[in-house]
Amino acid sequence: EQINRFEYPVLVLISTVGMMIMISANDLISAFLGIEMQSLCLYIMVSISRDRPASSEAGVKYFVLGALATAFFLFGSSYLYGFTGTTEFNGMAAALSNTSEVPLPIGVAFMMVLIAIGFKVSLAPFHMWTPDVYEGAPTPVTAFLAAAPKIAGFVLLLNFVATVFASHASLWTPVLSAIAILSILVGAFAALFQRKLKRILAYSSISHMGFALLGFLSLNAQGFENIFNYLIIYVIMTIGAFAALLTLRKRGQLLEHIEDLTGLSKDAPLIALCMTVLLFSLAGVPPFAGFFAKLSVIQNAVSGEHYLAVLLAVLGSVVSAGYYLRVIKAMYFDEPVGGDHTMAVDINTFGHFLCSYAPFVHP
């Protein structure tokens, strides 16, 4: 997409360093530095196609809402520091372990930090930026945005919840349960009305982040393992789907709408097959890896007796299968508009290699 400027790989690397700092952070200050190092690079990457108004608009939206999320994080951090006298996670945990009930300022601080991290990982209702930014950003940037920051944000959230508020599960369990269910349902139902492929993948990302959050409902080692397994499988599926889209051209342009995929099974049967496997896995259809990822977090929620959350999560998963099947239907059963079969496949891209050889079936 003509974004091969020298700044682009530098921004990707600096953003990745920021994510590594987020993952290794054991202090609110270092966590904030990691978040900002990641975010500032992403703001520029989203709007790097300066000649495209959609890219500039997406960059502005992401920057404004990201600045708001940063303000929430700093506001919550200041409350935590004021009450506990430290910014280290272990020190805050020790200070809070001496209280039988969570004071109101600490509850407010927890919600502020949760809002900020929820924004970074596209959890509802903090997801407003996701469809517009995914659509407006260049597709390689969208692929990066849909995968890497999610893992960094979830590890930070896991470290924050499991360390600082480990002794006060009654505070965060109902909140995270509600956010998980809302994310799953918003991602499932909103995507049913979308026609653009990147917006569908955006809402799919929101839904999958909700499923990953189900692993938090039982604060145990198995739940943590299920979260990481889910995120790894999600990243592979998401990058694979974007890689497949990056290999395809129609009339010299990357595909944007579901209708652009019509006739793909005839023009590029291998890519169509890979896309089908990836979409079935995203939908959670056995025997693909996505099914076992969803099953593991659902079983973990059942073991914690969160039956309503499990019921609504399964409902959301069934609904989400509708828009994945709609894409598959377009590839295999719909005829191109006007009989246009001019689908070109760029076999020199890494995406074609990834979609041809990466295994997505659960062993």
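## Helix α12, an enclosed helix

In helix α12, the buried residues are I271, A272, C274, M275, T276, V277, L278, L279, S281, L282 and A283. Please keep in mind as you browse that this is a predicted model. With 11 of its 15 residues buried, α12 is largely enclosed by the rest of the structure. The helix covers residues 269-283, and its first and last C-alpha atoms lie 21 Å apart, close to the 21 Å expected at 1.5 Å a residue.

What comes after α12 in the chain? The next residue is G284, which has a positive phi, near 85°.

## How α12 meets α13

Further along is helix α13, made of residues 289-303, which packs against α12 at an angle of about 10° with the two axes 6 Å apart. Angles under 35 degrees count as roughly parallel, and α12 and α13 are therefore roughly parallel to each other. On the α12 side the meeting residues are S281, L282 and A283, while α13 brings A289, G290, F291 and K294. Sorted by class, this contact has four nonpolar, two polar and one charged residues. S281, L282 and A283 also belong to the buried set of α12.

## The α7 and α10 pair

Now for another helix pair. Helix α7 (residues 139-164) and helix α10 (residues 221-246) have axes that come within 8 Å and cross at roughly 170°. Angles over 145 degrees count as roughly antiparallel, so that is how α7 and α10 run relative to each other.

The residues that α7 puts into the contact are T139, P140, T142, A143, A146, A147, K150, I151, F154, V155, L158 and A162. From α10 come F224, I227, F228, L231, Y234, V235, T238, I239, F242 and L246. By class, the contact of α7 with α10 has 18 nonpolar residues, along with three polar and one charged.

## The nonpolar core

Which residues have the most contacts inside the largest nonpolar core? They are Y62, L80, F154, F160, F165, L213 and L214, in a core of 115 residues. Helix α7 supplies the largest share of this core, with 14 residues. F154 is also one of the α7 residues in the contact with α10.

Y62 is worth a click in the viewer. Setting aside neighbours within four places in sequence, Y62 is in contact with L42, Y43, V46, F119, W129, V133 and L145.

I206 sits in helix α9, residues 197-214. At 0% relative accessibility, this residue counts as buried. Beyond its neighbours within four places in sequence, I206 is in contact with S122, A124, H127, T130, S183 and G187. I206 and V121 are 85 residues apart in sequence, with 8.1 Å between their C-alpha atoms.

Is S15 buried or exposed? S15 has 0% relative accessibility, so it counts as buried. S15 is part of helix α1, which spans residues 7-24. Not counting residues up to four places away in sequence, S15 touches M37, Q38, C41, L42 and F144. L42 is also among the contacts of Y62.

## A partly exposed residue, F189

F189 is in helix α8, residues 169-191. Its relative accessible area is 39%, so F189 is partly exposed. F189 and G322 are 133 residues apart along the chain, and their C-alpha atoms are separated by 9.4 Å.

Notes
Residues numbered from 1 in each chain as written. Predicted model: local features only at pLDDT ≥ 70, side-chain atom pairs only at ≥ 80, totals over all residues. Heavy atoms only, no water. Axes fitted to C-alpha atoms, helices over the stretch in contact; angles between N-to-C directions. Helix = DSSP H or I, 4+ residues; strand = E, 2+ residues; numbered from the N terminus. Parallel < 35°, antiparallel > 145°, perpendicular 65-115°, else oblique. Contact = heavy atoms within 4.5 Å. Nonpolar A, V, L, I, M, F, W, Y, C, P; charged D, E, K, R; others polar. Core = buried A, V, L, I, M, F, W, Y, C linked by side-chain atoms within 4.5 Å. Buried < 20%, exposed > 50% of the residue type's maximum accessible area, 1.4 Å probe, protein only. Expected span 1.5 Å × (residues − 1).
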